[in-house]
Amino acid sequence: MAGVQTAVRLRERGWSGAITLVGAEPHRPYDRPPLSKAVLTGKADAVSETAFEVDFDALDVELLLGRSATGLRADDREVDTDAGPLPYDHLVLATGAEPIPLPGTEGTPGVHLLRTLDDAERLRPVLAARRHVVAVGAGWIGAEFATAAREAGCRVTVVEAADRPLAGVLPPEVADHMRRWYAEAGVELVTGRAVTGVRVGDAHPCVVELADGSSLPAWAVVVGIGARPATGWLAGSGPALGEDGSVLVDDRLRTSLPDVYAVGDCASFPSARYGRRLLVHHWDNALQAPRTVASLLVGGEAETPAYDPVPYFWSEQFGRFVQYAGHHDDRDEMLWRGDPEAPSWSVCWLRDGVLNAVLAVGRPRDIAQGRKLIERAATLDPVRAADPSVPLKSAVRS
Ligand SMILES: Cc1cc2nc3c(=O)[nH]c(=O)nc-3n(C[C@H](O)[C@H](O)[C@H](O)COP(=O)(O)OP(=O)(O)OC[C@H]3O[C@@H](n4cnc5c(N)ncnc54)[C@H](O)[C@@H]3O)c2cc1C
């Protein structure tokens, strides 16, 4: 997504130089969000559902597919690939993220990850067989996989080491309400128990072993315990990397190396808005960041504002449209808009009255307005903001 958008934005801005897009996967570049949704259930043809509507020939972009970057030699201005070196004048790193495997289960038959078109293609027949499947991790991917697997008619168990779903992202007051979503969808949610391993079974292809000594037989296991920047290939190549493995960029998305930039899931950028570095694995970030790089390359620094977006993410789970904008932490005051037992509600996070983040379930208008209010650091009247019948934009203190 971020690599393709970089090419598209550069041409839009009138970049006339050659553009080469190198991708490790054999497929033409494609969009990932449908993979855990319509593609998994087989409701949509995988290739047509995910294809980017980009005419690479018309854009005069050379695609080098099935080719992996293996290293970077900045002094020589060359990227090494498994099919030989490629010279560059400017280099944009956009290698995305890779799912974190469950230690010890790599290569175990029946254990799947869900990041690529090939991953989703491998899972489709598993779901179509309507057997018992287990998801490890009740994060975004685990929830979307469970939704698709239930829709396909599978028996589904989700095992989560924390005491609630989405524990790393949402506070207990909010995440606890999401437990009910699993139950209503007929998904068994096991919390507070870590998966220690997966072994090959006798009657079933897999046996999932839990920390308390119990085990779950399954026909397939999907591991959704998080993702990390796909930057292993850069080790020793020079660009500064963070402890989380992300490429460290400045507020114009420049790396520590001259003429090397990084965008999307592989990069973390300093956010003045939130006073910290952000690594966001969100589709919208892969859409927005390339505009900054294209502007910098074509127009120069003076024309290019600092990259400091309001992060935005959506998820579709258990028949609900869940959206989140902004970034909150423990210092923020939480404010409910509506009843979390109802089909639609939202939560705002405020610091000293200033809106920092919004989570909305079935209330897209709260997100549309919230994003703009966060952008301009609007102060809300908490009484009006807590009234779901008052549009969020009308809760601004004058
Ligand atoms: C199943 C799934 C569902 C998602 N759903 C949502 C959603 O509902 N909402 C949302 O906001 N976000 C969603 N996301 C996240 C969103 O898709 C990502 O944020 C987005 O794809 C990031 O774009 P990117 O270009 O940075 O990385 P990617 O899309 O991962 O692209 C990186 C590309 O680089 C290639 N690559 C990696 N290493 C190398 C190398 N060494 N050499 C050459 N090529 C390499 C990879 O093969 C890949 O094709 C979802 C992600 C997944 C996996």
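Colleague: What amount of space lies in the second largest cavity?

Modeller: About 30 Å³ of space lies in the second largest cavity. This is a predicted model, in which local features need pLDDT of at least 70 and side-chain atom pairs count only at pLDDT 80 or more, while totals for chains, interfaces and linings use all residues. Residues are numbered from 1 along each chain as its sequence is written, and side-chain values use heavy atoms, with hydrogens and water left out.

Colleague: What makes a space a cavity here, and how is a volume defined?

Modeller: Rolling a probe the size of a water molecule over the atoms shows where empty space is left. On a 1 Å grid over the protein atoms alone, a cavity is a set of points where a 1.4 Å probe fits but cannot get out, and lining residues have an atom within 4 Å of a point. Grid points are joined across faces, edges and corners, and the volume is the space filled by probe spheres set on them.

Colleague: Why is threonine 50 called buried?

Modeller: Buried means under 20% relative accessible area, exposed over 50%, and partly exposed in between, with a 1.4 Å probe and protein chains only. Threonine 50 has a relative accessible area of 1%, and therefore counts as buried. Threonine 50 is placed in helix 3 (residues 46-50), and, leaving aside neighbours within four places in sequence, its contacts (heavy atoms within 4.5 Å) are Tyr30, Asp31, Pro34, Leu35, Val39 and Leu117.

Colleague: Is phenylalanine 318 buried or exposed, and is aspartate 352 buried or exposed?

Modeller: Phenylalanine 318, at 11% relative accessibility, counts as buried, whereas aspartate 352, at 75%, counts as exposed. Phenylalanine 318 lies in the loop between strand 21 and strand 22 and has a positive phi near 50°. Aspartate 352 is found in the loop between strand 24 and strand 25, with a positive phi of about 50° although it is not a glycine.

Colleague: Why is helix 1 said to be largely enclosed by the rest of the structure?

Modeller: Ten of the eleven residues of helix 1 (residues 2-12) are buried, so helix 1 is largely enclosed by the rest of the structure. What covers these buried residues includes strand 1 (19-23), strand 2 (61-65), strand 6 (91-93) and helix 7. Just after helix 1, glycine 14 takes a positive phi of about 90°.

Colleague: How do you know that the span of helix 8 agrees with its number of residues?

Modeller: The expected span of a helix is 1.5 Å times one less than its number of residues. The twelve residues of helix 8 (residues 364-375) should therefore span 16 Å, and the end C-alpha atoms are 17 Å apart, which agrees. The buried residues of helix 8 include Asp366, Ile367 and Leu373, and the elements that its buried residues pack against include strand 21 (312-317) and strand 25 (354-361).

Definitions and conventions: Helix = DSSP H or I, 4+ residues; strand = E, 2+ residues; numbered from the N terminus. 1 Å grid on protein atoms, 1.4 Å probe; cavity = no way out; pocket = protein on both sides within 12 Å on 5 of 7 lines; lining within 4 Å.
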